[in-house]
Amino acid sequence: MNLSMRLIRSATVTLHWNGFTLLVDPYLADAGAGRSYGGELRSPLVPLPLSLDELLRDVDAVFVSHLHSDHFDDAARETLPKSTWMLCPPDVAGGLRADGFTRVQAIDGQWEHQGLRLRLTGGRHGPDAVLEDLGAVHGFVAQWDGGSLYWVGDSIFCPEVERTLAEARPAAVVVHACGADWMGHGPIVMDCGMVEAVLRAAPAARVIATHMDAVDHATVTRAQLRAHFGALPALAQRLCIPADGERIAL
């Protein structure tokens with residue numbers, strides 16, 4: 001089975017296998033039409049790289065990791081048909097049903113479809129000071145014959161992530177790497193040093209950095225991440241920093 005990923009924008013990606021397309025964390029607002037997270041600019045900072053019609057045309061299911069508005073926004077609520085197959089952690093299911101979605105499937109443990117298996121993972125959406133405010137977040141490990149992918153989700157580098165890397169030994173790891181700040185408490189997703197920690201903790205994995213250059217509370221840009229790894233060429237060989245709309249074979 002061939003699996004590929006396409007970065008749409010920010011944390012939003014699509015996974016494709018055996019003619020099936022899974023849309024992950026749809027953040028669909030026009031540029032500047034969402035909220036401000038840092039108090040100055042309105043996010044998202046950049047437009048989608050394709051039209052909504054083109055993006056949603058072949059989507060078979062949607063995975064929503066948590067309900068923060070840069071992962072599931074009002075545009076997604078309004079645009080996605082209410083009959084869309086919505087996959088999510090158990091703590092998200094009630095919110096999706098309250099939004100009127102009629103085909104909500106909570107993943108309790110593992111979900112399998114057409115040879116792809118998704119297993120939920122944990123994480124920490126920032127330091128201890130913000131965990132109560134920001135709530136639980138989830139990622140997943142996707143496994144198929146011949147490959148594996150760890151989509152970390154909105155988490156910093158923490159014991160849960162380190163443990164998943166050691167246990168799953170994924171071939172590819174997707175990290176959210178914009179170092180977003182919340183109320184001055186420091187990064188609530190990974191920054192340059194944490195991406196480096198992932199590369200060192202998973203020495204055989206390719207690391208794909210997303211969730212960049214799209215939200216106004218970010219502290220790390222693609223250019224800054226490239227500059228950080230310019231001094232670490234051995235690690236940089238395993239780091240991929242895709243552009244919006246770019247497809248990646250896995």
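Trainee: What covers the buried residues of α3?

Mentor: This is a predicted model, so keep that in mind as we read. The cover over the buried residues of α3 includes β5 (85-88) and β6 (103-106).

Trainee: Which residues of helix α3 are buried?

Mentor: Helix α3 spans residues 90-98, and its buried residues are Val 92, Ala 93 and Leu 96. Looking down the axis of α3, you find these buried residues within an arc of 115°, so they line one face of the helix.

Trainee: Why do residues three or four places apart point the same way in an α-helix?

Mentor: An α-helix has 3.6 residues a turn, so residues at that spacing point the same way. Now look just past the end of α3. There, Gly 100 takes a positive phi of about 100°.

Trainee: How do I read phi in residues other than glycine?

Mentor: Most residues other than glycine have a negative phi, and most peptide bonds are trans. Then look for exceptions. Arg 169 has a phi near 45°, a positive value in a residue other than glycine. Its place is in the loop between α5 and β11.

Trainee: Is Arg 169 buried or exposed?

Mentor: Arg 169 has 69% relative accessibility, so it counts as exposed. Asp 213 is another non-glycine residue with a positive phi, of about 60°. Find Asp 213 in the loop between β12 and α7. Asp 213 is partly exposed, at a relative accessible area of 27%.

Trainee: Where is a cis peptide bond?

Mentor: Go to Ser 43 and Pro 44. A cis peptide bond joins them, with omega about -5°. Pro 44 sits in the loop between β3 and α1 (52-56).

Trainee: Now strands. Which way do the side chains of a strand point?

Mentor: In a regular strand the side chains alternate between the two faces of the sheet. Take β11 as the case. Ala 172, Val 174 and His 176 point one way from β11, while Val 173 and Val 175 point the other way. All of these residues are buried.

Trainee: Why is β11 largely enclosed by the rest of the structure?

Mentor: Count its residues. Five of the five residues of β11 are buried, so the rest of the structure largely encloses this strand.

Trainee: What is the order of the strands in the open sheet?

Mentor: Seven strands form it, in the order β7-β8-β9-β10-β11-β12-β13, and the pairing is mixed. At the edges are β7 (110-113) and β13 (239-240), each pairing on one side only.

Trainee: In which sense do β10 and β11 pair?

Mentor: Strand β10 (residues 147-151) pairs with β11 in the parallel sense, over three bridges. To see one partner, pick Tyr 150: its bridge partner in β11 is Val 173. Compare another pair. Strand β8 (residues 116-121) and strand β9 (residues 139-144) pair in the antiparallel sense over five bridges. There, Leu 120 has Phe 140 in β9 as its bridge partner.

Trainee: Which residues touch the most other members of the largest nonpolar core?

Mentor: That core has 38 residues, and Val 173, Val 175, Val 195, Leu 225 and Leu 239 touch the most other members. Several elements supply at least two residues each, including α5 (159-168), β11 (172-176) and α7 (222-230). Helix α6 gives the most to this core, with five residues.

Trainee: What is Val 195 in contact with?

Mentor: Leave aside its neighbours within four places in sequence. Val 195 is then in contact with Val 175, Ala 177, Met 190, Val 207, Leu 225, Phe 229 and Leu 239. Apart from this core lies another, of 28 residues, among them Trp 111, Phe 140, Ala 172 and Ile 248.

Trainee: How many aromatic pairs are there?

Mentor: The count comes to eight aromatic pairs. For each, read the centre distance and the angle between the planes. Trp 17 and Phe 20 form a tilted pair, 4.9 Å centre to centre with 45° between the planes. Both Trp 17 and Phe 20 are buried. Phe 20 and Trp 85 are edge-to-face, 6.1 Å centre to centre with 90° between the planes. That pair links distant parts of the chain: Phe 20 is in strand β3 (residues 20-24) and Trp 85 in strand β5, 65 residues apart.

Trainee: Which residues do ring pairs link into a cluster?

Mentor: Trp 17, Phe 20, Trp 85 and Trp 111.

Trainee: Where does Lys 82 lie?

Mentor: Lys 82 lies over the face of Phe 101, at 4.3 Å from the ring centre. Likewise, Arg 9 lies over the face of Tyr 27, at 5.2 Å from the ring centre.

Key: Residues are numbered from 1 along each chain as its sequence is written. This is a predicted model: local features need pLDDT of at least 70, side-chain atom pairs count only at pLDDT 80 or more; totals for chains, interfaces and linings use all residues. Side-chain values use heavy atoms; hydrogens and water are left out. Buried means under 20% relative accessible area, exposed over 50%, partly exposed in between (1.4 Å probe, protein chains only). Helices (H or I, at least four residues) and strands (E, at least two) are DSSP runs, numbered from the N terminus. The arc is that of the directions from the helix axis to the C-beta atoms. Contact means heavy atoms within 4.5 Å. A nonpolar core is a set of buried Ala, Val, Leu, Ile, Met, Phe, Trp, Tyr and Cys residues joined through side-chain atoms within 4.5 Å. Rings of Phe, Tyr and Trp (its six-membered ring) pair if their centres lie within 6.5 Å; planes under 30 degrees apart count as stacked, over 60 as edge-to-face and the rest as tilted. A charge sits over a ring if NZ of Lys or CZ of Arg is within 6 Å of the ring centre and within 35 degrees of the ring normal. Two strands pair if DSSP finds at least two bridges between them.
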